[in-house]
Amino acid sequence: MRDARVTTHVCLTARALGASAVWVDAEDRELERAVRGVVTRFGGPFELRTGVAWKSALKTFRGVKIHLTMYGLPVDQALPAIRRAARGRDVLLIVGASKVPGEVFGLADFNVAVGSHPHSEVAALAIALDRLTQGSWARTKFKGASVAVRPHPRGKDVVQLRAKKGSAAEEE
C-alpha cells in the first residue's frame, strides 16, 4: 500500500519536472482534488488519472516504458539507449510502491537504477526526469497559473498573476 503523502509528492514532482500526466492504480478522489488545486494555482497542463489498471496500461502503452528501480541498469549507462528509443515517442516512467510485481520488469522496455540502494521513488523520478529532459523542465512556463513564486534570497514571495474566480477584481 502506498503512502498518500508520497503519492502526492510523486504527482507534484512529475508535474514540476516536465511530465504531462500521472496514472495511479488506486482510485483516489482526494489525491485528484489536491493535484487539481495545484494545477489551478500554479498552471499546467497536467493530468492525473487514478484507478488505472496498471497491467493493462503497461501492455497497451505504445511508447517507451521505463521502470525506475534500484535493480536496473545505472541511469547514466541506460540514457543513450533510452534517448534513441524515445526519439519522437511518448515515455512512461514507472515508479512502484512497497512491492513492485515482478511482471513489471518484463513489461518495461528499460529497468533503470537511480542508485543501487534503497531510496525514495520521488527522488528517482526527479533524477530521471531531470536527466531525460536535460534540465529543460527548469525553464518551463506553465499556462493558466493564478500564482507564481518570485525568487527571493530570504523568505517566501508568492505573487498573484490573475484574479481568482468570483473575486471582486474579476467582476470589475
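Q: Why is R29 called exposed?
A: The relative accessibility of R29 is 52%; exposed means over 50%, buried under 20% and partly exposed in between (1.4 Å probe, protein chains only). R29 therefore counts as exposed. This is a predicted model, in which local features need pLDDT of at least 70 and side-chain atom pairs count only at pLDDT 80 or more, while totals for chains, interfaces and linings use all residues. Residues are numbered from 1 along each chain as its sequence is written, and side-chain values use heavy atoms, with hydrogens and water left out.

Q: What makes E32 buried or exposed?
A: Its relative accessible area is 12%, and the limit for buried is under 20%. E32 is therefore buried.

Q: What links E27, R29 and E32?
A: These residues are joined in a network of salt bridges.

Q: Why does the salt bridge of D76 and R131 tie together parts that are 55 residues apart in sequence?
A: The side chains of D76 and R131 meet at 2.5 Å, N to O. D76 belongs to helix α4 (residues 75-86) and R131 to helix α6 (residues 121-133), so the pair connects parts 55 residues apart in sequence. D76 counts as exposed at 51% relative accessibility, whereas R131, at 31%, is partly exposed.

Q: Why is the pair of W23 and F61 called edge-to-face?
A: Rings of Phe, Tyr and Trp (its six-membered ring) pair if their centres lie within 6.5 Å; planes under 30 degrees apart count as stacked, over 60 as edge-to-face and the rest as tilted. The count by this rule is one aromatic pair. The ring centres of W23 and F61 are 6.3 Å apart and the planes stand at 80°, so the pair is edge-to-face.

Definitions and conventions: A salt bridge is a side-chain nitrogen of Lys or Arg within 4 Å of a carboxyl oxygen of Asp or Glu. Helices (H or I, at least four residues) and strands (E, at least two) are DSSP runs, numbered from the N terminus.
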